[in-house]
Each structure stands twice: as C-alpha cells, then as structure tokens.
Amino acid sequence: MKIVIVGGVAGGASAAARARRLDESAEIVLIERGSDPSFANCGMPYYIGGEIAERGKLLVTPIARLEARYRLDVWARSQVERIDRAAKRVTVRNLVSGELYEETYNKLILSPGAAPFRPPIPGADLPGIYTLRNLDDADRLLEATLNSRQAVILGGGFIGIELAENLVQRGLNVTLVERNGQILPPWDAEMIVPLQSLLKERGVDVRLGESAAAFQQTTGQLQVTLTSGTLIPADFVVLAVGVRPDNSLAVAAGLAVGERGGIQVDATMRTSDPDIYAVGDAIETVDAITGQPTQIPLAGPANRQGRIAADHIFGRSATYRGTQGSAIVGLFGKSAAMTGLSEKACLRLQRPHEKVYLHAGHHAGYYPGAEQLSLKLLFNPQEGTILGAQAVGGAGVDKRIDVIATAMQGGLTVFDLEEAELCYAPQFGSAKDPVNMAGFIAGGVVRGDHPLRHSDDLLTGRLGDVTLIDVRTPAEYAQGAIPGAINLEIDQLRQRLAEIPSGKPVVAYCQVGFRGYLATRILLQAGFDAANLSGGYTTYSRRVAAGSS
Ligand SMILES: Cc1cc2nc3c(=O)[nH]c(=O)nc-3n(C[C@H](O)[C@H](O)[C@H](O)COP(=O)(O)OP(=O)(O)OC[C@H]3O[C@@H](n4cnc5c(N)ncnc54)[C@H](O)[C@@H]3O)c2cc1C
C-alpha cells in the first residue's frame, strides 16, 4: 500500500500518523508546500503577540520526528501540481530547485486546507496588506508588528479577534473593521456584547457595520477608506475576512465539489474517486444537526477526518458524524464558545426552537473568585432535543459548552441535562452546575411549568400590551430598569398582588431570571397570566446594546 498525502498539517499529518499505526509496511509519502509540516496554525496569533515566545514551539512534530517515529517520507517545500487519476500519479514541484517529479499512489489523501480570502477591494494587493495562513505569513506579520504603531484588521471573526488581542499586547493601536453589526458572526449578537465591550475597554477602535472601500499608499503609510468614507491611517493591514477551500487540484482533476467549492466526500472521507480521500478545511461536510452540506474550517474536525480516512483505507469501519461547529475563542482572559445551531441559524432554517438564558457564577458563589458565565441554550420546545448552546464569560465557558456538545452528539435532551452528574467541589463548579440549571430552566419550559418571554420580543413590540413587574429590590431597580416596569420586590410580592393591574398578561423580571421565575410561579398560582423574562435585566441590557452597536 502506498499512500500519498497532499498537505502535511492538521488533517494530513493526522492521516499519516494514523496510517502508520495501522500498517507498519505501508509506504506513506507526505508532501507539504511550506517549510514545516505539522505546525500549529492555531498558535500563530499568540506567537505574533509574544505569548508564545519561541517560534520552534509552533512546530508540533518536526520533520525529523515524523521520519524517525512514524517512518514517513516527508517532502517539504514541495507542491503537488497535478493529479493524473487514470495513472494514479501526482506531479510534484520541488519549490527549492524548481524540478518536477512524479509520485504514484494506491490511495491519495488531499488535505490542502483553505486559503484566506482577498476581497476585491482596490489596493488589496499593496505591500503592507497581509493575510495569516502559515508560518511564513506569521513571520512577516511579526516583523511588521515590531516596527509599527497603527494596525487595521479587516474582519471580526476568530482570526481577526485573536490578532486584535495580540497586536494590543504588542502595544499597537488597533482598528477592527467588521461588516456585520457584531463581531464573531456565528454567535448570536446579544451573547457577544461582553466581548465587544472588552475590545473597546482595551482600546481597540471597533467599527461595526463597515467595510473597507479602498486601500491607498501614502507617504510611508497605508490609508484605509471605510465604506462610510472615514479614512484610517495604518502601518499595516491584516485581511481576516474568511477562507475559501483550496480546491484547485481537486477541480482540475475533475473531483466533485459543492456549491461553495468544498470537495465533496462521503462519511468515510472518500471523494467522487474511490482512491482519493479529502479531509479538513478543503472539504464540504455535513452539518451534524441539520444534515445539510456545510463548510466549517476547524482543527478538531480536520484531525478526526484525517484519522477516519486512514482507518477506511485500512478496512476499518470508521465514519464521520458530521460537524457540529463546536468552537471557542479567547479575548483578554474572557472567552466565548458555542456548539450546534445559533438562534439566527434556527430562524434562517425555520427550525422550531425555544431559548433560555442563564447568568451564573462559574463555581459556587461563596468560594472566592467566581466569574460570571452567561449561557444560552437552544432546544426543540416540544421534545426538548438540544439544538445548540453558546456561552460567554471567564473561566468555565469551555467546560459547559463541551458538556453540552457531547450531550448533543449522544442525542440527549434538556431533561438529560437536568440529570447530568458532573463533578463538583466549590472551586470548580456548583452542586447545581450551570449545565444542570440550563436543563432545569429548559425542562420547566417544555413541561409548561415555566412560561417564558423574551427581551427581543419586548423590544420589537411583539409581546403586545403587558404589565412588566420588576421583582428586584428597590435599590437594584433604581440603578436601571425596563421602561414602564412596576417595582414589586419578590419578598413582598404575595402581599402586594392587588397592585398588579388585572386583565393584562404579566411579565416578571429580575437581574438574571431566577427571582423572575419564582415570581412567575407565585403569579401563576394566584391566577395571573404570567411569564418570566428569560435572562432578566442582564439579557435585556445586552439585547439593547446589541441592537444599538
Ligand atoms: C491563524 C489561525 C488560527 C486558527 N485557530 C484555530 C483555533 O483556535 N481552533 C480551531 O479549531 N481552528 C483554528 N484554525 C483553523 C485550523 O488551523 C484549520 O481548520 C486546520 O488547520 C485545517 O486543517 P487542514 O489539514 O485542512 O489544513 P491546514 O492545516 O491548513 O494544512 C494544509 C496544508 O496543505 C498545504 N498545501 C496546500 N496545497 C498543497 C499542494 N498542492 N501541495 C502541497 N501542499 C499543499 C498547505 O501549505 C498547508 O500547510 C486557525 C487557523 C489559522 C490560520
């Protein structure tokens, strides 16, 4: 068996290592265009920022180890230029000598990744306008960083946000330009408000709802003209506006690709040619929740797909379950994580859904150091099937989303989250963990015990004419309340029911939703048409901020 692998980083290196573990006798040839296969793309922003001080730390498995430990035949600075499917042969160019040579295969695995998108903006090819894909790019960006004061980042996705943080760490003035009305577009807008505020607090000039119209070279500097007409000077610019599958080899070889250019594969990672597999950012995969074709460029899926391709080549029955989109991004010690569908995806797909919000400490409040964590859970309102979750906060964000992501893979429901037995000591969590709490709230909604209303419906007027009751203390109410709300503190509510106007639905709220829930139970049992405002005043305020940003 001779396996040739194109692209030696996340998907390609995983496939190669797995193939070797499965078969000592196979010939495995790993061909990589860059100087270093198996490098840590995800670490590059932190190398640029100085957090990872040594470049060598990004070389996860150096060539010598790939050769010694896995007995791979590694060709770096070599580019596969053509696939001859009939002859089962690839043409490779040695990028150092320029020579061409040919390599035959029994099985070919493509893991060429995705290329940063260069938008067709006038001046986008000027010197000083960078993208970040490989270590050469990281070296160039680091050098630019060391001699600059002012940077503009176009794109507020993962890479744009991570770079913003790291350029600030290097002492630069950073402008972040994002076309959408929010950074990190896969998340729902209200969930990402704390990170937007944090960027601004750390001095980043965040320009939402704007893009670049042109780049110009002025004396010694670049100038970015935004679509609003604003001019921003920059020593350098980074384009971080998304990636496109690197499908040129596959297209030239006549392999099937999807509408958005991803190489089409089956669940065993086989392309339309049974002897060619494809994995990673270059492929179109299946959304694990909707079953629809999707392209989600993440390292975890690329690594797992590489393993599956190798498994299948050696007769194992592994299949890929689809991509769920579990992702996390850090920013100045805070983080946002998500899995599955967002609310906006549910709306776009017209998928029946309900949502609950939870704002809780990441561990028991009585133990010092609890950090606030906000969690949003999306689920089917009839069966309680979990559709997705998002969290934002400090510590513990990753753990909650990982637990829910795993529950989703197992087909669990919100009722299972109620029962999830998670480890607990006060410095790590709560006896009722936020995951359990999200399950309790959602379970109460599905069972009909906990009628909910939402801030977005209140703000757009979709709730109609309701009586809003703020059940927080007068001191909390005085610090800011929803316009028109009556303040009836929870501990006096039973005695003051007569003050609530009759004949109108009542919506109770508190700071985060818990006292609002208690009030709702009291009001329902007293005969009111009552509901709780999900996530309370905290979610309401973020909705307002998201709408106005
Ligand atoms: C700055 C940055 C930060 C990231 N951070 C995260 C993160 O925190 N979490 C996360 O999940 N994902 C992150 N990613 C995405 C993650 O790195 C990718 O999803 C993953 O690397 C994809 O694996 P892959 O094997 O498909 O492609 P890559 O890992 O990109 O490898 C493809 C390789 O193929 C080579 N190649 C392409 N064409 C040829 C050819 N014709 N001949 C030879 N070689 C070729 C390329 O040079 C490249 O090195 C980040 C990406 C970047 C750029």
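Me: How many bridges join strand β20 to β21, and do the two run parallel or antiparallel?

Reply: Two strands count as paired if DSSP finds at least two bridges between them, and helices (H or I, at least four residues) and strands (E, at least two) are DSSP runs numbered from the N terminus. Here two bridges join β20 (residues 283–286) to β21, and these strands run antiparallel, with V286 standing opposite P293 in β21. Please keep in mind that this is a predicted model, in which local features need pLDDT of at least 70 and side-chain atom pairs count only at pLDDT 80 or more, while totals for chains, interfaces and linings use all residues. Residues are numbered from 1 along each chain as its sequence is written, and side-chain values use heavy atoms, with hydrogens and water left out.

Me: In what order do the three strands of that open sheet lie, and which of them stand at the edges?

Reply: The order is β18-β20-β21, and the pairing is mixed. β18 (263–264) and β21 (293–294) are the edge strands, because each has a single partner strand and so one side of each is left without a neighbour in the sheet.

Me: Which residues of strand β12 lie on its covered face, and which on its uncovered one?

Reply: In a regular strand the side chains alternate between the two faces of the sheet. In β12 (residues 205–208), V206 and L208 make up the covered face, whereas D205 and R207 make up the uncovered one. Strand β11 (residues 173–178) pairs with β12 in the parallel sense over four bridges, and L208 in β12 is the bridge partner of E178. From β11 the chain passes through helix α6 (residues 189–201) to β12 in a right-handed β-α-β crossover, where right-handed means that, with the strands pointing away from the viewer, the path from the first strand over the helix to the second runs clockwise.

Me: Which residues come nearest to the ligand?

Reply: A residue is near a molecule if one of its heavy atoms lies within 4 Å of it. There are 27 residues around the ligand, and G11, E32, S111, D281 and A299 come nearest. By class, this shell has 16 nonpolar, eight polar and three charged residues, where Ala, Val, Leu, Ile, Met, Phe, Trp, Tyr, Cys and Pro count as nonpolar, Asp, Glu, Lys and Arg as charged, and the others, Gly among them, as polar. β4 gives the most to the shell, with three residues.

Me: Where do polar atoms of D281 and G11 lie relative to the ligand?

Reply: A polar contact is a pair of N or O atoms within 3.5 Å; within protein, one must be able to donate a hydrogen and the other to accept it, and residues adjacent in sequence count only if both atoms are side-chain atoms. A polar side-chain atom of D281 lies 2.7 Å from an oxygen atom of the ligand, while a polar backbone atom of G11 is 2.8 Å from a ligand oxygen.

Me: Is T268 buried or exposed?

Reply: Buried means under 20% relative accessible area, exposed over 50%, and partly exposed in between (1.4 Å probe, protein chains only). T268, found in the loop between β18 and β19 (276–278), is buried at 12%, and its side chain makes a polar contact with that of D266 (2.7 Å). Q350, in the loop between α9 (343–348) and β24 (354–361), is exposed at 72%, and has a positive phi of about 55° although it is not a glycine.
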